[in-house]
Amino acid sequence: MSRFAVLRPDWLLRGYSDRPGVLANWRTGEARPLAAAGAYVARACDGHTDFSSPFFLPKHMATLDLMLEEGLADECASGAELDPRQRFREAPNRYIQYTQWAVTGRCNLRCRHCYMDGPTGRYGELSSADALALVDQFVGANVQRIHLTGGEPLFRADFWELAGALMGQRIAIHQISTNGVLLDDDALQRLRDLEADPILHFSLDGVGTHDVMRGCSGAEAAAVSAIRRAVDAGFRVSVTSCLDGVTRDGMLPALDLLADAGVRSWHVTAPQAIGCWTTASTGLSLDEQAAVCEPILHRWLTLGRPMLVTLCGIYSGAPGEYVPPQEPLHRCTPDDLHCGALFDDTAYVLPNGRLIPCPRFIGTPFETALPSLLDVSLSEAWADEGLRARLGVTKAQVLAHNPECAACNEFCECGAGCWATAYAATGDVFGRDPVACALWRSPYRRRLEGIAAATV
């Protein structure tokens, strides 16, 4: 008896130089590496291949049954059509799942801490033709998901054209980072019309203090309105608040507001010493940050842990019932790369098309150490083993130049901190991150964790 199957619509077949077969759900981000039998069966789930033929052995039929059971494919009548975008497509580069794309360096606000130097428009933005050519590069490299950021991404005149091009190529818009000013009801509806379901990531730098940080009157009211409308429209909403001497008094009220609004996660963080913040004078010491974070933790606990919260690297807690801190999935070893973001499964693209490991490298010589995607394709850059080798500083090299790290009990988790932050602070490619060093040696992480545990 003939038997046919077809992949369910959200699943795509992809291949990479280091992963010959991957079954990827472009909407959820789930990616399943496929062994030879799995790849063989998945390719045959095209609505035309008869699984009752002698080309399929019992092991293949068992794999098919499992795929049907797990909701990866459906049995169908002969001739069912598979969307061409789901068919196997091989990229010449190593595995790359996720890209953060700053689609513009321009913004409608004048934030005092902008890592992108948005008030000056330093990085500008690519033409529509060049930006659409980048979308083609993402397709060629088999990028599965994308985070649109800026600057203010919605400030780009062709934002919706780019969003439509990505969704049309089955590259999911996983997240959009926005100040909220331009995210009106029409914009939310356009996302729904595209069948996009991104996490909407807003900035809210305290209640009563946001406008000062953002350099624009009315920015706070617009952000709060956008946050509430996005939650009410059913989007997942995340908020980041930058903590400094100006915003510190607005943090506790912000927690109450965001809990009432129903946001999924709230991240309180100190601004990074890059971009506009390199000339700032209102930053807080770690002791001062901890003094703000402790009352926030108490209030969050009193409210019943309403959302995921992270507090300046000092504390991180999930919503709902208390979960004791888990052992890290990976402890740093001397063989690790000093920067785990380098050629991992995520790329970051600046508004001018420059490929960098992460935004923290902005303003450092590493910003120009990687190529522009206007000169080489993402696939070529991601497959460049020589480039990987040149940037492959290891933890062992950092330890050799920092004996205090080698003797520190926290190294296995701290790993000498962030390479970009270390370089920006020391000017030494083998330097250690003073921010991470102070944090991991401080008593605050254990103190705040103890407060959380005591409330169980």
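I'll start with a cysteine. The sulfur of Cys418 is 5.7 Å from the closest cysteine sulfur, in Cys358, which is too far for a bond. Keep in mind that this is a predicted model. Cys418 counts as buried, at 17% relative accessibility.

Cys111 is buried, with a relative accessible area of 8%. A disulfide is a covalent bond between the sulfur atoms of two cysteines. How many disulfides does the structure hold? The count is zero.

Now to the helices. Helix H15 covers residues 419–426. Its buried residues are Trp419, Ala420, Thr421, Ala422 and Tyr423. What do they pack against? The buried residues of H15 pack against helix H16, residues 434–441. After H15 comes Gly427, with a positive phi near 70 degrees.

At the start of H16, a side-chain oxygen of Asp433 reaches to within 2.9 Å of the backbone nitrogen of Val435. Which residues of H16 are buried? They are Ala436, Cys437, Leu439 and Trp440. Seen down the axis of H16, these buried residues fall within an arc of 170 degrees, so they line one face of the helix. As background, an α-helix has 3.6 residues a turn, so residues three or four places apart point the same way. On the face of H16 turned away from the buried side sit Val435 and Arg441, which are exposed.

What lies against the buried residues of H16? They pack against helix H9, residues 286–302, helix H14, residues 411–414, and helix H17, residues 444–454.

Last, the empty space. Rolling a probe the size of a water molecule over the atoms shows where empty space is left. Over the whole structure, the search finds three cavities of 30 Å³ or more.

Where does the lining of the largest cavity come from? Helix H13, residues 403–406, H14 and H16 each supply at least two residues. The largest share, four residues, comes from H16.

That is where I'll stop.

Conventions:
Residues numbered from 1 in each chain as written. Predicted model: local features only at pLDDT ≥ 70, side-chain atom pairs only at ≥ 80, totals over all residues. Heavy atoms only, no water. Buried < 20%, exposed > 50% of the residue type's maximum accessible area, 1.4 Å probe, protein only. Contact = heavy atoms within 4.5 Å. Arc of directions from axis to C-beta. Polar contact = N/O pair within 3.5 Å; in protein donor to acceptor, adjacent residues only side chain to side chain. Disulfide = S-S within 2.5 Å. 1 Å grid on protein atoms, 1.4 Å probe; cavity = no way out; pocket = protein on both sides within 12 Å on 5 of 7 lines; lining within 4 Å. Points joined across faces, edges and corners; volume = space filled by probe spheres on them.
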